[in-house]
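My notebook is open, and I would like to look through this structure entry by entry. Here is the model I worked from.

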Amino acid sequence: MVIQDTVIPAVSWLRRAACRGEDPELFFPISAKGPGHAQHERAKAVCRRCPVQNPCLEYALRTGQEHGIWGGTDPDERRVSAARGQDRHVRIG
């Protein structure tokens, strides 16, 4: 039986990420509305102060992250960006 190697994209920028010291669950709120809204906004606030926000967003777009807050964007914002082909020019904030 042959097991293929999984290629994991380099994420060296992750060592400088503001989210490193945060609970990872913060970045995966149940919803952007209702009870999850405050969590959604707290996660985005961490991203706004992050020195590697853009590489994080580029990673999320390149790897098709469908869940969570990445680079200060939620899944809906990333879908719109991908549909427009603006993966390097997303307005964050």
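**Entry 1**

I looked up aspartate 74 and found it buried, because its relative accessibility is 10%; here buried means under 20% relative accessible area, exposed means over 50%, and partly exposed lies in between, with a 1.4 Å probe and protein chains only. A note on what I am reading: this is a predicted model, where local features need pLDDT of at least 70 and side-chain atom pairs count only at pLDDT 80 or more, while totals for chains, interfaces and linings use all residues. Residues are numbered from 1 along each chain as its sequence is written, and side-chain values use heavy atoms, with hydrogens and water left out.

Next I asked which residue forms a salt bridge with aspartate 74. I found lysine 44, with the closest N and O atoms 3.7 Å apart; a salt bridge here is a side-chain nitrogen of Lys or Arg within 4 Å of a carboxyl oxygen of Asp or Glu. This pair links distant parts of the chain, as lysine 44 is in helix H1 and aspartate 74 is in the loop between H2 and H3, 30 residues apart.

**Entry 2: a second bridge on lysine 44**

I then saw that the side chain of lysine 44 meets that of glutamate 77 in a salt bridge, at 3.0 Å from N to O. Glutamate 77 belongs to helix H3 and lysine 44 to helix H1, so this pair ties together parts 33 residues apart in sequence. Through shared partners, the salt bridges join Lys44, Asp74 and Glu77 into one network. Glutamate 77 is partly exposed, with a relative accessible area of 33%.

**Entry 3: the bridge at arginine 49**

I counted salt bridges by this rule and got four. One of them pairs arginine 49 with glutamate 22, the closest N and O atoms being 3.3 Å apart. This pair also links distant parts of the chain: arginine 49 sits in the loop between H1 and H2, and glutamate 22 in the segment before H1, 27 residues apart. Is arginine 49 buried or exposed? I read 52% relative accessibility, so arginine 49 counts as exposed. Glutamate 22 is partly exposed at 29%.

**Entry 4: arginine 78, without a bridge**

I turned to arginine 78, which lies in helix H3 (residues 75–84). Arginine 78 is buried yet has no salt bridge, and the nearest side chain of opposite charge, aspartate 74, is 6.1 Å away. For charge I took Lys and Arg as positive and Asp and Glu as negative, leaving out His and the chain ends.

Which backbone oxygens does the side chain of arginine 78 reach? I found that of threonine 73 at 2.7 Å and that of glycine 68 at 3.0 Å.

Leaving aside neighbours within four places in sequence, arginine 78 has contacts that include Leu57, Leu61, Ile69 and Trp70; contact means heavy atoms within 4.5 Å.

**Entry 5: the loop between H2 and H3**

I placed glycine 68 in the loop between H2 and H3, and it counts as buried at 9% relative accessibility. The C-alpha atoms of glycine 68 and histidine 40 are separated by 8.9 Å, though these residues are 28 apart along the chain. Not counting residues up to four places away in sequence, glycine 68 touches residues including Phe27, Phe28 and Pro75.

Isoleucine 69 is in the loop between H2 and H3 too, and is buried with a relative accessible area of 5%. From isoleucine 69 to alanine 43 I read 6.8 Å, C-alpha to C-alpha, across 26 residues in sequence. With residues up to four places away in sequence set aside, isoleucine 69 touches His40, Ala43, Lys44 and Cys47, among others.

**Entry 6: helix H1**

I listed the buried residues of H1 as His40, Ala43, Lys44, Val46 and Cys47. Seen down the axis of H1, these fall within an arc of 150 degrees, so they line one face of the helix; the arc is that of the directions from the helix axis to the C-beta atoms. Helix H2 (53–63) and H3 are among what covers them.

**Entry 7: the whole chain**

I finished with the totals: three helices and zero strands, in the pattern α-α-α along the sequence. Of the 93 residues, 32% count as buried.

Conventions: Helix = DSSP H or I, 4+ residues; strand = E, 2+ residues; numbered from the N terminus. Polar contact = N/O pair within 3.5 Å; in protein donor to acceptor, adjacent residues only side chain to side chain.
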